[in-house]
Amino acid sequence: MMTAQWLAVLPSSEIPSEQPVAVVVDQLPLVLFRDGEGTVRALLDRCPHRRVPLSLGRVIDGALRCAYHGWSFDG
């Protein structure tokens with residue numbers, strides 16, 4: 001079970017600015033991406049609309065855009 005602490009899951013150098021990266025931490029699917037300022041953000045790797053993995057989307061103008069219907073998430 002996850003606790004209230006930071007966990008290193010991937011080197012920052014492996015997170016590009018235009019493509020999200022899927023990781024699994026303690027059986028929890030997460031998506032990592034860079035926002036418009038280059039800061040790494042992490043979200044649950046499921047769109048709240050249809051539960052499509054957000055990691056299938058793209059980063060556009062610093063927001064992660066769902067591949068299924070285009071909703072954007074800024075982290």
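I began with R34 and found that its bridge partner in β3 is V40. Strands here are DSSP E runs of at least two residues, numbered from the N terminus.

A note on the source: this is a predicted model, where local features need pLDDT of at least 70, side-chain atom pairs count only at pLDDT 80 or more, and totals for chains, interfaces and linings use all residues. Residues are numbered from 1 along each chain as its sequence is written, and side-chain values use heavy atoms, with hydrogens and water left out.

Next I followed the strand pair. β2 (residues 28-34) and β3 pair in the antiparallel sense over five bridges; pairing takes at least two bridges found by DSSP. V31 has L43 as its bridge partner in β3. Five residues lie between β2 and β3 in their hairpin, and G38 in the turn has a positive phi of about 90°.

Then I looked at the whole sheet. It is open, with three strands in the order β1-β2-β3 and antiparallel pairing. β1 (21-25) and β3 (40-44) each have a single partner strand, so one side of each is left without a neighbour in the sheet.

Last, I turned to the core. Which residues make up the largest nonpolar core? I found eight: V31, F33, C47, L54, V59, L64, C66 and F73. Such a core is a set of buried Ala, Val, Leu, Ile, Met, Phe, Trp, Tyr and Cys residues joined through side-chain atoms within 4.5 Å, and buried means under 20% relative accessible area with a 1.4 Å probe, protein chains only. Apart from it lies another core of six residues, including I15, V21, V25 and L30.

Key
Helix = DSSP H or I, 4+ residues; strand = E, 2+ residues; numbered from the N terminus. Buried < 20%, exposed > 50% of the residue type's maximum accessible area, 1.4 Å probe, protein only.
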